[in-house]
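Please open the model in your viewer and keep the selection tool at hand. The tour goes from one selection to the next and says what is there.

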Amino acid sequence: MRRRALAGVPIWSIALPVVACIVLAAIWERPLGLTLVSFVVVTLIAAVFAAVHHAEIIALRLGEPFGTLVLALAVTVIEASLIVALMLAGGEATSALARDTVYATVMIICNGVVGLCLLLGALRYRVLEFRVEGTNPALSVLATLAILTLVLPTYTTTTPGPTLSTSQLVFIGIVSLALYAVFVFVQTVRHREYFLPVEAAGVEEPQLEMPSTSAAWTSFVLLLFSLVAVVGLAKSLSPAISAAVENASVPHAVVGIAIALMVLLPETWAAARAALRNRMQTSFNLALGSALATIGLTIPVVAATSLLLGLSLDLGLPDKEIALLALTLVISVMTLSRGRATVLQGAVHLVLFAVFLFLAVVP
């Protein structure tokens, strides 16, 4: 077995991120034919598997909820960098890119990821348990950040349209970053026990060997490589997705949704695996933590970039999207505020996710 591992890390998990990054470098800024698109998709999926594996090693070494926080923060930082890069390249045409990406991420996580985890867990264990002390604070922060950044700009009157004035943008950016920082402090220091998995009766946890410090650091570096590959390959696929969207005559917002789905693959896979082990609190830490990081980190970075470079930034959502976001937040509170859930709640969230996707294609 030692021949198949290096520094306590399996060889395949080292090879996949390296190969994915090599593929990314080879195809960067190149047009992709059908054969290359298929190869890139396979490489993207392999990088996702590698990212989840390394995130689990880190989580095992650090303990909950630090491990899930590492994955959420790493994905969000890279995603924010990608949004800024696209804004710089696209100029005025990308003024709504940050809004559309953040909105799509919140809807995918709160409905798609949460619904999938609830469905998978409930089908196997019937009734799922989790800590309301952890889910309720996360939902309160998420609702506050979502309304402040995605809804309020539609109704402010200092500037026309779904925009904020300079002072408003600075204020919203500071408030978002500060509130997210307080949440991370509560999650990891002040009330860490609220975010630990509930020990389910009758479910035997496998006894896993604690990774060494060198293995954890190696996995951390390889996790970054994996996530860079995931986001980069997703961006490389975006022209092909855009062409397919245009040929199908559907709204261009579908491109952002497709990219968000690919970028969120590592967290979705990790959350689903946790749900299948009846560790719903871990699933929610991953899902809600990712949504919070997307708003709490991406919006301040995008706001600072737009102010420094004089780029226009549309943040306010249209009426239809506001209605779907409000319904999602209300249903999420109903689902996660009791500490117990069944397959019905999972079905409700997945139906909302289907509605979100359908209305994106047929607005």
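In which helix do Trp 217 and Phe 220 both lie? Select helix α7, residues 213–248: both residues are there, 3 residues apart, about one turn of the helix. Helices here are DSSP runs of H or I with at least four residues, strands are runs of E with at least two, and both are numbered from the N terminus.

Before going on, note that this is a predicted model, in which local features need pLDDT of at least 70 and side-chain atom pairs count only at pLDDT 80 or more, while totals for chains, interfaces and linings use all residues. Residues are numbered from 1 along each chain as its sequence is written, and side-chain values use heavy atoms, with hydrogens and water left out.

**Stop 1: Phe 130 and Phe 284.** The structure holds 5 aromatic pairs. Rings of Phe, Tyr and Trp (its six-membered ring) pair if their centres lie within 6.5 Å; planes under 30 degrees apart are stacked, over 60 edge-to-face, and the rest tilted. Select Phe 130 and Phe 284: this pair is edge-to-face, with 5.0 Å centre to centre and 90° between the planes. Phe 130 is in the loop between β3 (128–129) and α5 (132–155) and Phe 284 is in helix α10, so the pair ties together parts 154 residues apart in sequence. Both Phe 130 and Phe 284 are buried; buried means under 20% relative accessible area, exposed over 50%, and partly exposed in between (1.4 Å probe, protein chains only).

**Stop 2: back to Trp 217 and Phe 220.** Their ring centres are 6.0 Å apart and their planes are at 85°, so this pair is also edge-to-face. Trp 217 is exposed, at 56% relative accessible area, whereas Phe 220 is partly exposed, at 31%.

**Stop 3: an aromatic cluster.** Select Tyr 103, Phe 353 and Phe 356, which form one aromatic cluster.

**Stop 4: Gln 281.** Is Gln 281 buried or exposed? Its relative accessibility is 1%, so Gln 281 counts as buried. Gln 281 is found in helix α10, residues 280–309. Leaving out residues up to four places away in sequence, Gln 281 touches several residues, including Phe 130, Arg 131, Tyr 194 and Pro 197; contact means heavy atoms within 4.5 Å.

**Stop 5: helix α1.** Finish by selecting Trp 12, which lies in helix α1, residues 11–27. At 42% relative accessibility, Trp 12 counts as partly exposed.
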